[in-house]
Amino acid sequence: MLRRAPAQLTRKQRAVIVLRFREDLTEAAVTALAATTAGAVAVWPHPAGIVATQGQDVPDLRGKVGAIRYAYQTPCEIDEMTRRSDCSAVEWRVVTQKGTYRLPQALTSSKKAPRVPVAISRDGRRLAYYSRDAGAHVIRDMAEGEEVVSPVKVAEERIGAGSTCG
């Protein structure tokens with residue numbers, strides 16, 4: 001009987017059980033992740049054809065900026081002489097109809113994953129990411145400019161590729 005029970009659960013219900021018991025997350029953390037990922041799309045670094053804007057002329061993401069069109073990570077800088085890459089300045093950029101904004105507080109990589117995604121709701125209204133500054137996941141309402149920081153603190157070392165996309 002117990003062996004058949006998981007098969008009767010929906011995919012989302014099984015995911016909640018895995019997060020709660022296998023990943024040892026608290027109920028609050030699982031709830032925050034579920035709210036973050038409802039209808040979310042994970043966005044991976046620097047899609048082909050997007051030219052990253054460099055420099056200080058790109059403002060930080062603040063206030064009401066409207067729905068997100070897409071997000072990308074700036075590329076690593078490559079030293080042509082040594083052929084070594086420097087990824088210390090890589091950051092997330094968010095593109096809306098009003099412009100491109102920097103999101104320097106969003107984690108771009110961790111010890112568990114060389115690339116950490118952000119999640120965008122299907123309607124582009126909400127953005128979720130792990131904030132190194134807060135030590136927790138943040139959900140940002142792009143239309144209202146409001147941010148909600150998860151009360152559950154998660155060590156940066158535990159953040160991986162699936163941390164914001166369930």
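Contacts first, everyone: among those in the chain between residues at least 6 apart in sequence, 56% join residues at least 24 apart. Please keep in mind that what you see above is a predicted model. The chain has 166 residues, and 36% of them count as buried.

On to the elements. There are three helices and ten strands.

Let me take the open sheet next. Which strands form it, and in what order? Three strands do, in the order β2-β5-β6, with antiparallel pairing. At the edges sit β2 and β6, the latter covering 99-103, and each of these two pairs on one side only. If you ignore direction, neighbouring strands of this sheet are turned against each other by 25 degrees on average. Looking at one pairing in detail, β2 and β5 are joined antiparallel by five bridges. You can find A71 there, standing opposite V94 in β5.

Setting aside neighbours within four places in sequence, what does L103 contact? The list is L61, W92, V94, L127 and Y129.

The hairpin formed by β8 and β9 has four residues between the strands, and G135 in the turn has a positive phi of about 70 degrees.

And how covered is β9 itself? Strand β9, residues 136-141, is mostly covered, with five of its six residues buried. On to its pairing with β10, residues 146-149: β9 and β10 pair in the antiparallel sense over four bridges. One of the positions to look at is I139, whose bridge partner in β10 is V148. β9 and β10 form a hairpin as well, again with four residues between the strands, and here G145 in the turn has a positive phi of about 80 degrees.

While we are in this region, have a look at S131. Where does S131 lie? It is in strand β8. Is S131 buried or exposed? It is buried, with a relative accessible area of 5%. A polar atom of the S131 side chain lies 3.1 Å from the backbone nitrogen of A134. Not counting residues up to four places away in sequence, S131 touches Q105, A136 and V138.

Next, the disulfide. The count comes to one. Which cysteines form it? C76 and C87 do, with their sulfur atoms 1.8 Å apart. The pair links distant parts of the chain, eleven residues apart: C76 is in the loop between β2 (68-73) and β3 (77-79), and C87 is in the loop between β4 (84-86) and β5 (92-96). Why is the disulfide called right-handed? The torsion about the S-S bond of C76 and C87 is about 105 degrees, so the disulfide is right-handed. As for accessibility, C76 is partly exposed at 31% relative accessible area, and C87 counts as partly exposed at 39%.

One last stop, and C87 leads us there. The C-alpha atoms of C87 and S109 are separated by 9.6 Å, with the two residues 22 apart along the chain. S109 lies in the loop between β6 and β7. S109 is partly exposed, with a relative accessible area of 32%. What is S109 in contact with, once neighbours within four places in sequence are left aside? The partners are P114, R115, V116, R132 and E156.

Methods: Residues are numbered from 1 along each chain as its sequence is written. Side-chain values use heavy atoms; hydrogens and water are left out. A disulfide is a pair of cysteine sulfur atoms within 2.5 Å. Buried means under 20% relative accessible area, exposed over 50%, partly exposed in between (1.4 Å probe, protein chains only). Two strands pair if DSSP finds at least two bridges between them. Axes are lines fitted to C-alpha atoms, for helices over the stretch in contact, and angles run from 0 to 180 degrees between N-to-C directions. Contact means heavy atoms within 4.5 Å. A polar contact is a pair of N or O atoms within 3.5 Å; within protein, one must be able to donate a hydrogen and the other to accept it, and residues adjacent in sequence count only if both atoms are side-chain atoms.
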